[in-house]
Amino acid sequence: MRALLTLLIRVVVSLGLLYLALRGINFAAIQSRLSQINLGWIGLAILVTIFQIFLGALRWREISALCGAPLTDIQAFRYNMIGAFFNQTLPSSIGGDAVRLWLVNRTGAGWRAATYSILTDRAVGLIALAIIIVASLPFSYNMIGDAHGRLALVFVDFAALAAGSGFLLLGYLPWPWLRRWWPTRHVHACSVIANQVIFNRKSGPKIAVLSLTIHVLAVVIAWCAVRSIAAPADFEQIFLLVPPVMLITMMPISIAGWGVREASMMVAFGYAGLARMDGTVVSILFGGVTFIVGAIGGLVWIFSAEKSANLKPEIPEIS
């Protein structure tokens, strides 16, 4: 009952934010934009998204090996594609992560190793995104003329940086209670693994390149959406606007990020002096590309060996 209520709340949040994003928008203008879509750019965006998922699988494989949950490249890629499908049907990315956790556990790795691999992978991705956002702050700050927009940008940037830095610092703290107290024990363990991954001479550079490339590819996908409707926006503008939007979209308050992404992109485009309608259309196309790739992941799930086993909810024991 609680799960159903949570799902309904997130559906309402998605619809409410979509309404706010589309309220006051000239739908005739949107229809005109959509009728002129260049499908070649959308096809390229789909290919880039699949490649992005593949790079994410390579990063996850590196991390999962340190967590005691070794995966092959093909396994990690398949599980990520299946996760992309469930991301479209369950709240935010949590649904996809839950299914990936279940799949890794079925390899014999156990709930603890599977959970650590996914939590650490997410944390590393967040840290990389925070680095990109903060590094680009001087340029994005100058691009945004609105005082409120600048304040919001600075808040989002440093909130992301503080969260990432705090997570890494946790692994260095010597306090014994961090390893004993249940709410902190597993987060601390993930922090230790993340530090090993990031600052290891062998794996660190590879993880850094993969993580930064994954986020740059998100910008490329948005840029493909921009080009598909011939919106008057430069790649440099999209590069500065998309990472903060992606960070906000990570909040698990909607279905597959719908609503949050559209509202954030519309506001970001407006602050940058671009047409808000174009931001909304680009976001819808971005979500559409993600949905199509998720559908492909659904086919991977349908024809996978794992589906032959019933996906029954289990309570992971990671105490």
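A residue counts as buried when its relative accessible area is under 20%. All views below come from a predicted model.

**View 1. Ser-304, in the segment after helix 14.** With a relative accessible area of 9%, Ser-304 falls under the 20% limit and is therefore buried. The Ser-304 side chain reaches the backbone oxygen of Trp-301 at 2.7 Å. Beyond its neighbours within four places in sequence, Ser-304 is in contact with Arg-78 and Ile-82.

**View 2. The crossing of helix 13 (residues 260-271) and helix 14 (residues 276-302).** The two axes come within 7 Å and cross at roughly 145 degrees, and the crossing is right-handed. Helix 13 makes the contact through Arg-261, Glu-262, Met-265, Met-266, Phe-269 and Gly-270. On helix 14, the contacting residues include Arg-276, Asp-278, Thr-280, Val-282, Ile-284 and Phe-286. By class, this contact has 6 nonpolar, 5 polar and 4 charged residues.

**View 3. The largest nonpolar core, with 48 residues.** Val-226, Ile-238, Leu-241, Met-246 and Phe-269 have the most contacts inside this core. Among the helices that each supply at least two of its residues are helix 3 (39-66), helix 6 (111-135), helix 12 (235-249) and helix 13. Helix 11 gives the most, with 11 residues. Apart from this core lies another, of 18 residues, among them Trp-102, Ala-114, Ile-118 and Trp-301.

**View 4. The surroundings of Phe-269.** Leaving aside neighbours within four places in sequence, Phe-269 is in contact with Ile-238 and Leu-241, and also with Leu-274, Ala-275, Arg-276, Asp-278, Gly-279 and Val-282. Phe-269 also belongs to the helix 13 side of the contact with helix 14.

How values were computed: Residues numbered from 1 in each chain as written. Predicted model: local features only at pLDDT ≥ 70, side-chain atom pairs only at ≥ 80, totals over all residues. Heavy atoms only, no water. Axes fitted to C-alpha atoms, helices over the stretch in contact; angles between N-to-C directions. Helix = DSSP H or I, 4+ residues; strand = E, 2+ residues; numbered from the N terminus. Left-handed = near helix turned anticlockwise from the far one by under 90°. Contact = heavy atoms within 4.5 Å. Nonpolar A, V, L, I, M, F, W, Y, C, P; charged D, E, K, R; others polar. Core = buried A, V, L, I, M, F, W, Y, C linked by side-chain atoms within 4.5 Å. Buried < 20%, exposed > 50% of the residue type's maximum accessible area, 1.4 Å probe, protein only. Polar contact = N/O pair within 3.5 Å; in protein donor to acceptor, adjacent residues only side chain to side chain.
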